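This note is intended for a colleague who is meeting the structure for the first time. Please read the numbered points with the sequence and the model at hand.

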Amino acid sequence: MVGITSYGAYIPMLRLPLAAIAGGKPGGPEKAVAGWDEDSVTMAVAAAVDCLHGIDRRNVDAVFFASTSYPFQEKQGAAIIAKALDLRRDVPNALRAALDAVGAGSARQVLVVAGDTRMAAPRTPMEANLGDGAAAFLIGAEGVALAPVASHTISDEIIDVWRTEGDPFVHAWEDRFVVDHGYRDNVREVVEALFAKSGVTAKDLTRVVLYGPDARSHAAMVRELGFAPTQVQDPLFGRVGNAGAAFTPLLLAAALAGAKAGDRLLVVSYGDGADAFLFEASAVAERLEGRRGAAWHLGRRAELPSYDIYLRFRQLLRAEHDRRAGAGLSATKHFRDRDADLSLLGQKCRRCATAQYPFQRVCFTCYAKDDFDSVRLSDKVGAVRSFTFDYFAGSPSPPLVASVIDVEGARLYLQMTDVHPKEVKLDLPVELTFRKMHEAGGTPNYYWKCTPVR
């Protein structure tokens with residue numbers, strides 16, 4: 001039996017009150033906002049790290065990545081994610097996976113990740129609906145927590161929501177047209193077809209994970225399909241917002257966190273048609289521990305001080321320092337240092353067990369030469385050994401906090417993120433988080449930062 005064996009979620013810590021968009025006072029409904037050093041890739045890595053907690057990463061055989069706001073027009077996002085997670089080099093791409101599927105499954109475990117940071121034009125109604133987030137699932141045949149029972153898919157061509165090349169903003173046609181002829185028609189058809197195919201009814205379902213373009217349309221669809229409010233997973237409008245490709249997966253991750261053996265879950269997504277899946281939970285779902293999931297991230301929040309700061313994070317407000325300026329990262333240097341920079345691989349001396357970063361030929365403790373094993377540092381907890389506040393560095397949210405941290409004996413010079421200066425102190429426990437350093441040369445440059453353990 002093939003199904004979901006693990007899950008992970010990520011919601012940015014920052015929140016933008018919806019009232020601030022119109023110049024109102026803070027408080028009330030809000031949306032999750034990616035920090036200036038976050039994008040769909042960094043959030044996908046964070047969700048995947050959560051998903052892979054306690055799992056041997058050497059057993060992951062493929063990675064699929066879904067996003068409508070991926071920063072590269074031509075480059076595989078799954079390759080960046082696989083490298084950041086320190087997965088095997090023979091993890092295949094989509095074409096190889098398709099061939100494997102036809103060949104009856106050479107892959108044992110497949111990592112599926114979705115993340116989005118979409119933008120709408122400032123101060124528009126759509127801007128209030130969109131939020132940022134990511135989710136990840138591990139698919140396998142052993143230890144299945146959520147098994148598919150039935151599914152149905154329909155495809156439909158409709159120009160409802162779109163973004164063209166070179167346009168930073170998502171656009172939508174008139175709301176009533178989008179909802180009535182796109183969302184309602186497709187979701188109703190796919191759910192009714194799944195019910196007919198599987199023989200289940202609305203009353204047979206424990207939990208319903210339902211896509212919605214906005215809170216009102218979502219609530220109307222729930223009533224139209226005959227679901228009780230207690231069956232429906234909270235769509236997180238007013239707390240996170242519609243996270244695009246990650247919206248339905250994020251809600252599924254939240255639902256899976258509380259699933260019990262025998263629960264039946266209906267999962268419905270929408271976009272150029274609709275997909276509906278009927279899942280049944282096993283006892284494994286109750287034993288998945290150590291995942292932060294959506295609830296942990298919802299509890300970890302920090303309100304943006306102003307709407308202008310949000311615009312600055314999105315590079316929609318001119319600032320003194322432009323993170324896109326400069327010639328950019330050398331592709332040759334990136335290739336040479338990718339193990340250290342993206343996978344954050346250090347080394348451990350075979351003779352004295354001293355951990356070191358970055359790579360060097362001679363151990364600084366016992367002076368052994370070329371006698372090291374690689375060690376992944378990104379999933380370890382470190383401690384702050386030194387720090388400074390830089391108010392003159394090119395940061396959209398000064399001060400830039402630079403630190404030296406100790407990770408199992410290795411010393412790393414890293415920027416801190418998602419932290420208030422008052423939190424920073426010596427010996428502060430920190431964890432590593434994959435972030436965007438800058439966009440010089442027009443392309444994102446990714447590396448690791450540290451953030452307080454919360």
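1. A salt bridge is a side-chain nitrogen of Lys or Arg within 4 Å of a carboxyl oxygen of Asp or Glu. By this criterion the structure holds 31 salt bridges. The model is a predicted one, in which local features need pLDDT of at least 70 and side-chain atom pairs count only at pLDDT 80 or more, while totals for chains, interfaces and linings use all residues. Residues are numbered from 1 along each chain as its sequence is written, and side-chain values use heavy atoms, with hydrogens and water left out.

2. Arginine 15 and glutamate 30 form a salt bridge through their side chains, at 3.8 Å from N to O. The pair links distant parts of the chain, 15 residues apart, with arginine 15 in strand S2 (residues 14-17) and glutamate 30 in strand S3 (residues 30-33). Helices (H or I, at least four residues) and strands (E, at least two) are DSSP runs, numbered from the N terminus. Both arginine 15 and glutamate 30 are buried; buried means under 20% relative accessible area, exposed over 50%, and partly exposed in between, for a 1.4 Å probe and protein chains only.

3. The strands that carry this pair belong to an open sheet of 3 strands in the order S3-S2-S13, with mixed pairing. Its edge strands, S3 and strand S13 (302-303), each pair on one side only. Two strands pair if DSSP finds at least two bridges between them. S2 and S3 run antiparallel and are joined by 4 bridges, and arginine 15 stands opposite alanine 32 in S3. As background, strands of a sheet pair through backbone hydrogen bonds, either parallel or antiparallel.

4. A further salt bridge is formed by aspartate 37 and arginine 435, whose closest N and O atoms are 3.0 Å apart. Here too distant parts of the chain are linked: aspartate 37 is in the loop between S3 and helix H2 (40-51), and arginine 435 is in strand S20 (residues 429-438), 398 residues apart. Aspartate 37 counts as buried because its relative accessible area is 2%. Arginine 435 is buried as well, with a relative accessible area of 2%. Salt bridges that share partners join Asp37, Glu38, Arg300, Asp418, Arg435 and Lys449 into one network.

5. Strand S14 (residues 345-349) and S16 run antiparallel and are joined by 5 bridges. They lie in an open sheet of 3 strands with antiparallel pairing and the order S15-S14-S16. Strand S15 (355-356) and strand S16 (372-376) are the edge strands, each pairing on one side only. Arginine 376 also forms a salt bridge with aspartate 379, the closest N and O atoms being 3.2 Å apart. Aspartate 379 counts as partly exposed because its relative accessibility is 35%.

6. Strand S6 (residues 133-140) is mostly covered, with 7 of its 8 residues buried. Strand S1 (residues 3-10) runs antiparallel to S6 and is joined to it by 7 bridges. In that pairing, tyrosine 10 stands opposite alanine 134 in S6. Strand S5 (residues 109-116) is likewise antiparallel to S6, through 8 bridges. The bridge partner of valine 110 in S6 is isoleucine 139.

7. The axes of helix H6 (residues 175-198) and H7 come within 11 Å and cross at roughly 40 degrees. Axes are lines fitted to C-alpha atoms, for helices over the stretch in contact, and angles run from 0 to 180 degrees between N-to-C directions. Val179, Tyr183, Arg184, Val187, Arg188 and Val191 of H6 make the contact with Ser217, His218, Met221, Glu224 and Leu225 of H7. Contact means heavy atoms within 4.5 Å.

8. Is histidine 218 buried or exposed? Histidine 218, which lies in helix H7 (residues 215-225), counts as buried because its relative accessibility is 4%. Leaving aside residues up to four places away in sequence, histidine 218 touches Tyr183, Leu210, Tyr211, Gly212, Val232, Gln233, Pro235 and Phe237. The C-alpha atoms of histidine 218 and phenylalanine 237 are separated by 9.7 Å, and the two residues are 19 residues apart along the chain.
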